[in-house]
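Have a look at the model first, then work through the tasks.

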Amino acid sequence: MTGETRAWLQSQADPAYQAFQQKLMPGVENYLGVRLPLLRKKAAQLAKEDWQAQLAAPDESFEEVMLRGMLIGALRLPLEETLALVRDFVPRIDNWAVCDSFCASLRSAKKYKEEYFTLIQQCAKSDRPFEARFAAVMLLDYYKGPEDLDRSLDVYRQIRLPDLYTWMGVAWGYSVFAATDFDRTFAAMEQADLPRHTWNKALQKMRESRRITPEQKQRAARLRRPQKEERP
């Protein structure tokens with residue numbers, strides 16, 4: 001981001017929110033503590049100005065990276081230009097918050113589902129954890145309907161990185177897909193041979209979901225896999 005934008009971000013810093021963020025993402029540094037609604041509003045503003053200068057400048061803080069992703073999502077460009085910016089940004093993702101907010105901003109995926117799906121398939125096979133999580137979150141955001149469920153579940157089976165944040169994105173996705181078709185999702189989970197912690201986290205998120213019926217939640221509870229020290 002440019003120096004002007006960097007100065008604006010610093011002026012919006014909230015120390016209390018900064019401390020809250022650090023608890024959510026230990027190990028991630030350079031927080032300023034700018035709240036997400038302000039970043040989204042700023043991204044929409046920058047998309048109407050000299051956005052090329054913003055994207056050409058380096059990023060120095062967590063919020064600048066977050067804002068860059070939101071700005072890409074806010075731009076109204078030809079599809080190939082948008083996808084080029086997305087491909088350039090994905091390798092920059094190094095935490096779950098930037099990943100998930102970036103995915104949420106890419107609303108053009110609703111219109112260009114096939115073109116985005118090709119990129120998602122590539123990212124699912126990546127050996128970089130947050131590229132794989134990007135694939136998982138894009139699918140749960142934009143490919144959770146009945147018409148896309150089978151291919152989304154198929155891509156999930158291809159995500160095999162032994163990384164906590166990647167697997168947590170997968171668990172979240174299964175809980176979303178279960179609301180579309182509970183039985184098909186469970187069958188896919190069994191075929192995927194998930195790690196125990198991912199399987200159990202998916203079930204937990206199902207039980208917490210407002211879109212899952214009480215009967216389905218009871219079934220999810222029964223299917224929990226015990227920890228090694230627990231008796232089956």
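**Exercise 1.** Does Asp 14 count as buried, partly exposed or exposed?

*Solution.* Start with the ground rules. This is a predicted model, where local features need pLDDT of at least 70 and side-chain atom pairs count only at pLDDT 80 or more, while totals for chains, interfaces and linings use all residues. Residues are numbered from 1 along each chain as its sequence is written, and side-chain values use heavy atoms, leaving out hydrogens and water.

Next, apply the cut-offs: buried is under 20% relative accessible area, exposed is over 50%, and partly exposed is in between (1.4 Å probe, protein chains only). Asp 14 has 21% relative accessibility, so Asp 14 is partly exposed.

**Exercise 2.** Find the salt-bridge partner of Asp 14 and its accessibility class.

*Solution.* A salt bridge needs a side-chain nitrogen of Lys or Arg within 4 Å of a carboxyl oxygen of Asp or Glu. Asp 14 pairs with Arg 35, with the closest N and O atoms 3.4 Å apart. At 39%, Arg 35 is partly exposed too.

**Exercise 3.** Work out what the bridge between Arg 6 and Glu 64 connects.

*Solution.* First the distance: their closest N and O atoms are 2.9 Å apart. Arg 6 sits in helix α1 (residues 3–11) and Glu 64 in helix α5 (residues 62–74), so the bridge ties together parts 58 residues apart in sequence. Helices here are DSSP runs (H or I, at least four residues), numbered from the N terminus. Finally, Arg 6 is buried at 15%, and Glu 64 is buried at 1%.

How values were computed
Helices (H or I, at least four residues) and strands (E, at least two) are DSSP runs, numbered from the N terminus.
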